Amino acid sequence: MLKYTIRRILGMIPMLFLISIVVFSLAKLMPGDSLSGEIDPANTDPQYIAEMRDKLGYNDPVHEQYLGWISNFMQGDFGKSTRYKIPASEIIAERMPNTIFLGLMSLLITYVFAFLMGSYAGRKPYTLGDNFISAFNYIGLALPSFIAGVFAIYIFAFNLGWFPSNGSVDISLEQGTLSYWISRFHHVLLPAIVLGALSTASYTQFLRNDIIENTRKDYVRTARAKGTPEHKIYRSHIMRNSIIPVVTFLGIDIGLLVSGAIITETIFTYPGIGQLFLSSVTQRDYPVLMAITMLLSFLTLFGNLIADILYGIVDPRIRLD
């Protein structure tokens, strides 16, 4: 297991290197540059623009610009945000806790409801309850996140007034108090439900189908033939094997903590990494945009590694050598 983990981590290095080349190339191919997002070219002296471009190294050969960027990036210098006028690392660090909080809440909702509904539907297939859960799953799989978010805001925020429609906390509250954390939980709950419910649909259906398939396996028939109690068969044989693929999804979901929240955070005006990513695209804040893209890439690779390790841990038939 240790050798496999080390090999995978070492294998991530060239992949991140290739990803950095792609990210840098895409940033260079996009219209304008960071300087364009910082000044108004129509109302600025062209000579000043030319001097600043030369000073910032935008006229250097592309390979020299890349080497300068990647060397600074590896030292923790992601550049300066042209919109916020502060280092990109600071604005990302400021937004990251909100996205992590949203992601953890959505994961909790996803796995709790997926386990409850999936296990019920799998144990009692083709019943009224199973049909109701399947209908919910199909709606969740077919409904885009931005449509679900708009309807959630309209119904639960505007009409019923159960949840706030935007923000991450009431700004009038003192940070660190109980009221502050209650407000944070209240603000994150609705976007977390929207983000988690859509994943719940696929995980529920996956668990249900796996339980139904495992009930037909030979080792289950053998256990029943031996007179093993049904609850023990379900707990020790069926559920234990059905839960293995779902557990491995946890590693993949690590990479989705940030990327999956981009649309949801934007709809709910939730100040996280996802909203920052889209605003960086529209504002041409390339240092922040490139740093977030590299972060998403790293989280995706790291999540896949965790998924493989979890699969080897929960399933003794798998050997990671």
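Predicted model: local features only at pLDDT ≥ 70, side-chain atom pairs only at ≥ 80, totals over all residues.
Local features need pLDDT of at least 70, side-chain atom pairs count only at pLDDT 80 or more, and totals for chains, interfaces and linings use all residues. Residues are numbered from 1 along each chain as its sequence is written, and side-chain values use heavy atoms, leaving out hydrogens and water.

Let's start inside. A nonpolar core here is a set of buried Ala, Val, Leu, Ile, Met, Phe, Trp, Tyr and Cys residues joined through side-chain atoms within 4.5 Å; buried means under 20% relative accessible area, exposed over 50%, and partly exposed in between (1.4 Å probe, protein chains only). The largest such core has 23 residues, and Trp69, Ile92, Leu276, Met290 and Ile292 have the most contacts inside it. Two or more residues each come from α1 (2-29), α4 (62-74), α5 (88-123), α12 (273-282) and α13 (286-314), with α13 giving the largest share, eight residues. Helices are DSSP runs (H or I, at least four residues), numbered from the N terminus. A second, separate core has 17 residues, including Met105 and Leu189.

Leu276 touches (heavy atoms within 4.5 Å) Tyr84, Ile91, Ile92, Arg95, Val288 and Ile292, leaving aside residues up to four places away in sequence. As for α1, its buried residues include Tyr4, Met12 and Phe24.

Tyr154 sits in helix α7 (residues 145-159) and, because its relative accessibility is 48%, counts as partly exposed.
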